[in-house]
Amino acid sequence: MTYNILISDPLSEDGIYPLRQAEGFNIVVDTSLTPEQLGDKIGEFDALLVRSQTQVTREIIEKGTNLKIIGRAGVGVDNIDLPAATERGIIVVNAPDGNTNSAAEHTIAMLMSLARNIPQAFHALKNQKWDRKSFIGVEVKNKTLGVVGLGRIGAEVAARAKGQRMNVIAYDPFLTLEKAEKMGVQFGTIEDVIKAADFITVHTPLLKETRHLINKEAFEKMKDGVQIVNCARGGIIDEDALYDAIVSGKVAGAALDVFEEEPFLDHKLLTLPQVIATPHLGASTVEAQEIVAVDVSHDVVSFLQGGVVKNPVNLPSVPKDVLVKIEPYFNLVEKLGTFLSDLTAGVAEEVNITYSGELSNIDVRPLTRNAVKGLLKSKLGESVNDVNAKFLADRIGIVVNELKTTKSKGFTSLITVEVKTATETRKVAGTLLNGLGARILRVDDLIVDVVPEGHLLFIRHKDQPGAIGRVGTLLATKGVNIAAMQVGRSEVGGDAIMMISIDKHVEKTGIEQLKELADISDATPIDL
């Protein structure tokens, strides 16, 4: 059988070598197609390979009557309509690891250029100024590099910094003291890192929790003369706050490759001589562009020849009879994972997902992946999906166990998600109630009945008169309206919990004030 492969964006010839080498593949390279022309031709092809130029819209996918797989030679898949592909049973693959080395090298290059004022000195020389005194730099040897985000790229940057004989302190939501010791870096909280570092480099995804993570308050906690590097995502650093910190002298300089809005041409940061910048070049190397093309080419060949793919980004096909039974639980199980992610303070080491009742008799692996996705998504962002969640958990070192029991515990089906860290075990259970929808029914060992959506407050307290009233009064002073409240207790006067549905998020200061109330031991905001 011959498979027809269309490559509609420029890819290196070396990158598509696996396609050229495979038998039974007819490869067409046409990088000048208009959307209309692509729509007219796509029905002839079994596979489509793109970078960021081609917009693979729902219309294109629906016209791709023979399409089986779409490959994105890069990390992001914003230019591909994933829901449309999934509905049509078309698998989408990408290359998330291909730019790791390139991005890490660019980060180190930016750090060294920043430390030694290389771009500024070159600019002066180009303008026929021989000026040595104005560009005296600093050595990085024995300086402390703070790494915020120790994933693939952050870990590579840390290893290279150690090669420059820098001390490295790192924060990552999945970093444990044991892992840090194995990597030869110092383990710290985000506050530890920003207080200790002479240089700070960020390598987190851009999430609600990480937007403006490095802000005015963070700069105030840093050493005088700290230097900042961002080759990860625009928006992690508050650019206006960075400008003010440089002007005030708090920050000695910044090296930026990514920005909140790109192209980045008119921002006042570019007027400062202490700032060096590049136009989002982290993954722009010949090698990186070749590697990502090679990775997706291998996946396309493997998939069409009946093998497995390494980097799928959408949910593979599920038998229709199974999908009908499990689909209603997808949203619930993801929210159970998200709930525990917000509730658990430590780093997850083990996740146990137990299916009770009718769900114990069918293939629930897609639900397990969704639960793990919910657990990881608040830390890793949109790069986590139904398919790669288990793979990412394995790479981080989280053991995932899927358990089944026919005991229904009074419900048609019940799903319990348990997370174990080095210091605690937390669990949450939920189900679908006929006519009422999803419900959280148990948190740890206490019974509740909560709709898993919107803004929630989880509060631990002693079952004493006035405790609930004090919480309600404080929330009222913050302008926070209570939509619903559930209370669970172990015994009269003993440990108890409140699960409060509220109309808006409670800010950090409000949470701290809640914890200071009499009989309140802890308060955690949870956003579902």
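The model is predicted, so a local feature is described where pLDDT is at least 70 and a side-chain atom pair counts at pLDDT 80 or more, while totals for chains, interfaces and linings use all residues. Residues are numbered from 1 along each chain as its sequence is written, and side-chain values use heavy atoms, leaving out hydrogens and water.

Start with an open sheet of 5 strands. Its order is β2-β1-β3-β4-β5, and the pairing is parallel. The names of strands and helices come from DSSP runs, numbered from the N terminus: a helix is H or I over at least four residues, a strand is E over at least two. Two strands pair if DSSP finds at least two bridges between them. β2 (25-29) and β5 (91-93) stand at the edges with a single partner strand each, so one side of each has no neighbour in the sheet. From one strand to the next, the twist averages 15 degrees. Look at β4 (69-72) and β5: they run parallel and are joined by 3 bridges. There, Ile-70 stands opposite Val-92 in β5. Helix α12 (286-304) packs on this sheet and touches β1 (3-7), β2, β3 (47-50), β4 and β5. Touching means contact, with heavy atoms within 4.5 Å. The direction of α12 makes about 165 degrees with that of β4. Such angles run from 0 to 180 degrees between N-to-C directions; axes are lines fitted to C-alpha atoms, for helices over the stretch in contact.

Now move to an open sheet of 7 strands. The order is β8-β7-β6-β9-β10-β11-β12, again with parallel pairing. β8 (186-187) and β12 are the edge strands, each pairing on one side only. β11 and β12 run parallel, joined by 3 bridges. Ala-254 stands opposite Val-275 in β12. Helix α5 packs on the sheet. α5 touches β6, β9 (199-202), β10 (226-230), β11 and β12, and its direction makes about 150 degrees with that of β10. Helix α11 (239-248) lies across β10, β11 and β12, at about 140 degrees to β11. In the loop between β11 (251-256) and β12 (275-277) sits Pro-263. A cis peptide bond joins Glu-262 to Pro-263, with omega about 0 degrees.

Next come helix pairs. Two packed helices are described by the angle between their axes and the distance between the axes. The axes of α5 and α7 (152-163) come within 9 Å and cross at roughly 45 degrees. α5 and α7 are therefore oblique to each other. Angles under 35 degrees count as roughly parallel, over 145 as roughly antiparallel, 65 to 115 as roughly perpendicular, and the rest as oblique. The crossing of α5 and α7 is right-handed. A crossing is right-handed if the near helix is turned clockwise from the far one by less than a right angle, and left-handed if anticlockwise. The α5 side of the contact includes Ala-103, Ala-104 and Ile-108, while the α7 side includes Ile-153, Val-157 and Ala-161. By class, this contact of α5 with α7 has 6 nonpolar, 3 polar and 4 charged residues. Nonpolar covers Ala, Val, Leu, Ile, Met, Phe, Trp, Tyr, Cys and Pro; charged covers Asp, Glu, Lys and Arg; the others, Gly among them, are polar.

Helices α15 (365-380) and α16 (389-396) pack at about 60 degrees, with axes 8 Å apart. That makes α15 oblique to α16. Their crossing is left-handed. Val-372, Leu-376 and Leu-380 are among the α15 residues in the contact, and Leu-392, Ala-393 and Ile-396 are among those of α16. The contact of α15 with α16 has 7 nonpolar, no polar and 3 charged residues.

What about strand β15 (413-420)? In β15, 7 of its 8 residues are buried. Buried means under 20% relative accessible area, exposed over 50%, and partly exposed in between, using a 1.4 Å probe and protein chains only. β13 (350-357) pairs with β15 in the antiparallel sense over 8 bridges. Here Tyr-355 stands opposite Ile-415 in β15. β15 also runs antiparallel to β16 (425-433), with 6 bridges. Glu-418 has Lys-427 of β16 as its bridge partner. A hairpin of 4 residues joins β15 to β16.

Asn-117 lies between α5 (100-116) and α6 (118-126). Asn-117 has a positive phi of about 55 degrees although it is not a glycine. Gln-128, in the loop between α6 and β6 (144-148), also has a positive phi, near 60 degrees. Which of the two is buried, and which exposed? Asn-117 is buried at 17% relative accessibility, whereas Gln-128 is exposed at 77%.
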